Amino acid sequence: MKDGLKEINGLDGVWGSFIANNRGEVLLSHTPPQLKEQVLEAVSSQVIELIVSSGDQLKELSEMVFHFSQRIFFVIDLRKAILAVVCTPSVDLSLLRMTVNVICTGWDEDPKVQTYLERNNLERV
């Protein structure tokens, strides 16, 4: 999974990426030191809360993009966790989406990744 995060971070405009469990706790991170784990967990918790509070309205939603003045926050719902990518406004979202989809497909087919996610899976509340 770390290699996937490194590959995502290799894209122009990507500032960092991380995986958080369904409680917002960071499991793996490939982010610059400026992105403190407490901040990542606070943001992840808010995203999980949004997903959970939406009930069935966002049930089929698998990705979200949040635009801020200085950053873009791209989130993929892996069901057992979330993948979050912090980007600059100059990021090519189409290329990012394609790259993330390829990596996530590989993770879906990798028994080690699935075991890791299952072991760290927490019910969303």
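Two strands count as paired if DSSP finds at least two bridges between them. The model shown here is predicted. With that definition in hand, look at strands S3 and S4: they run antiparallel and are joined by five bridges. Strands of a sheet pair through backbone hydrogen bonds, and the pairing can be parallel or antiparallel.

Now widen the view to the whole sheet. The sheet is open and has five strands, in the order S2-S1-S5-S4-S3, and the pairing is antiparallel. At the edges are strand S2, residues 26–30, and strand S3, residues 63–67, each of which pairs on one side only. From one strand to the next, the twist averages 15°. Helix H2, made of residues 37–53, packs on this sheet and touches S1 (14–21), S2, S3, S4 and S5. The direction of H2 makes about 125° with that of S3.

Next come the other two helices. Two packed helices are described by the angle between their axes and the distance between the axes. For helix H1 (residues 2–9) and helix H3 (residues 93–109), the axes come within 10 Å and cross at roughly 170°. An angle over 145 degrees counts as roughly antiparallel, and H1 and H3 are therefore roughly antiparallel to each other. On the H1 side, the contact is made by Gly4, Leu5, Glu7 and Ile8. On the H3 side, Leu96, Thr99, Val100, Ile103 and Trp107 take part. Sorted by class, the residues in the contact of H1 with H3 are six nonpolar, two polar and one charged.

Helix H1 also holds asparagine 9. Is asparagine 9 buried or exposed? Its relative accessible area is 16%, and buried means under 20%, so asparagine 9 is buried. The side chain of asparagine 9 makes a polar contact with the side chain of histidine 30, at 2.5 Å. If neighbours within four places in sequence are left aside, asparagine 9 is in contact with Val14, Gly16, Ser17 and His30.

The last stop is a loop. Arginine 79 lies between strand S4 (72–77) and strand S5 (81–87). The phi angle of arginine 79 is near 70°, which is a positive value in a residue other than glycine. Arginine 79 has a relative accessible area of 42% and is partly exposed.

Definitions and conventions
Residues are numbered from 1 along each chain as its sequence is written. This is a predicted model: local features need pLDDT of at least 70, side-chain atom pairs count only at pLDDT 80 or more; totals for chains, interfaces and linings use all residues. Side-chain values use heavy atoms; hydrogens and water are left out. Axes are lines fitted to C-alpha atoms, for helices over the stretch in contact, and angles run from 0 to 180 degrees between N-to-C directions. Helices (H or I, at least four residues) and strands (E, at least two) are DSSP runs, numbered from the N terminus. Angles under 35 degrees count as roughly parallel, over 145 as roughly antiparallel, 65 to 115 as roughly perpendicular and the rest as oblique. Contact means heavy atoms within 4.5 Å. Ala, Val, Leu, Ile, Met, Phe, Trp, Tyr, Cys and Pro count as nonpolar, Asp, Glu, Lys and Arg as charged, and the others, Gly among them, as polar. Buried means under 20% relative accessible area, exposed over 50%, partly exposed in between (1.4 Å probe, protein chains only). A polar contact is a pair of N or O atoms within 3.5 Å; within protein, one must be able to donate a hydrogen and the other to accept it, and residues adjacent in sequence count only if both atoms are side-chain atoms.
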